[in-house]
Amino acid sequence: METTDVIIVGAGFTGLTAARELSRRGFKTTILEARDRIAGRTHLEEHLGRNLELGGTWVHWTQPYVWAEMGRYGIAPVAGPDFTKAYWSTEGQQHTGHPDELMDLLDAPNQALLADARKYFPLPWSPLANPELASIDGTTLSEAIDRLDLPENQRQLLRSFWTLNFNGALDQAAYTQALRWCAAASGSWQLMFETCATFKIEGGTRRLAEAILADSDAELRLNQPVASIHQDENGVVASTIDGQQLTARQLILAVPLGTLNDIDIHPELSAIKRKAASRSHAGRGAKLWIKVKGRQERFVAMGPENAALNFAQAEYIDADTTTLVCFGPDAAAVNVTDTSAAQRSLDALVPGLEVLEVAGHNWVDDEHARCTWSMHYTGYLTDSLAELQRSEGRIRIAGSDLAKGWGGFIDGAIESGIAAARDAALELTDMPRVNSALPI
């Protein structure tokens, strides 16, 4: 049976980072990736006449891990545009104004909603440090917003704003997740919002992923979905769907949380891990690129929280077309190939635009993702996070979904990959070489 020191399942940013760290320490490392490409839930691909990010995109200097990686490889950030017009809908009425007006309407509500961010998360990268966290981890964001007793127009705007951030419905979304984001941005909701959608990676997410891979001595095997994992005192064996087997001393599962239970693992992972994977998280929405006719003004638009698309912004302005990036809370409500449906959704957000083409990827229906970015349900932090971060024998789980800091971002994926590699390396240093005759 073929042997290696470490098997890494998944070639997203977590897996690539862990592979680089371990291989550069001298451990033989093999990555098994189910897809025909690297980079996981980020995916730069040509559509609508340009390279578009179909998945994760934005980075920021408040995110130390990804910012350091970009510096390591000489990759610059690319600042987003300044917007000059805004549309928003409240109480059945559409409004038009300057983006500052929209931000002003959101300011006081967000200040009130997030006032306790640093109280509950005094050390944002130690999210479980405050024992008082348990008292609010069962509160939904929907409940927290409605308790503010806001004027109806601001209540609706705030709910839509956080529906956008969660890329999903708010009725089970954790209030603590909103507080975590704000705490990581030094307690400022404005800085938090800037973090979410201001800077992109020069050359795209693929460029950074390829740079990390090129700096690694790990072996990458694409199109290798893992069907089962067995471990005992002798080692761990990963078996792929096509029947190949690989034995190692350590294994890192760097896959989205919602796909964890798709792999047959023996002995079973703990009940808490399996329950958390079954529940997954609230990021179950859509990201859609829409090309419209004409050179449009640089606008941002926010619609009702339950609209198929509740947010759009003019991202690329060309001589006779404009390309918009749009988001909605329910992937089932957005067909990423249907221009007519996109036209109907866009009409409700911004009047008078003519849709020419659309592009996107349904991450929720993607068997290797089953979700978009990680936004937690109530109870996740206090019930599941510590257990998910705990290794079981030779197996450890890693990924942006269980990062300590910027969970749901590329930064969190890199953070988790570094931590998993460090812990695996410590185990490997004191561990005997694998027995290639491991029974399964």
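This is a predicted model: local features need pLDDT of at least 70, side-chain atom pairs count only at pLDDT 80 or more; totals for chains, interfaces and linings use all residues.
Residues are numbered from 1 along each chain as its sequence is written, and side-chain values use heavy atoms, with hydrogens and water left out. Local features need pLDDT of at least 70 and side-chain atom pairs count only at pLDDT 80 or more, whereas totals for chains, interfaces and linings use all residues.

The structure holds 14 aromatic pairs, where rings of Phe, Tyr and Trp (its six-membered ring) pair if their centres lie within 6.5 Å, and planes under 30 degrees apart count as stacked, over 60 as edge-to-face and the rest as tilted. One of them is the edge-to-face pair of Trp67 and Phe199, with 5.9 Å centre to centre and 70 degrees between the planes. This pair links distant parts of the chain, 132 residues apart: Trp67 lies in helix H2 (residues 64-72) and Phe199 in strand S9 (residues 199-201). Helices (H or I, at least four residues) and strands (E, at least two) are DSSP runs, numbered from the N terminus. Trp67 is partly exposed at 27% relative accessible area, while Phe199 is buried at 17%; buried means under 20%, exposed over 50% and partly exposed in between (1.4 Å probe, protein chains only).

Phe327 and Trp373 also form an edge-to-face pair, because their ring centres are 5.8 Å apart and their planes stand at 75 degrees. Phe327 belongs to strand S19 (residues 321-328), and Trp373, 46 residues apart from Phe327, to the loop between strand S20 (355-360) and helix H12 (380-389). Phe327 is buried, at 6% relative accessibility, and Trp373 is partly exposed, at 23%.

Ring pairs also join Phe161, Trp162, Phe166, Trp181, Trp189, Phe193, Trp406 and Phe409 into a cluster.
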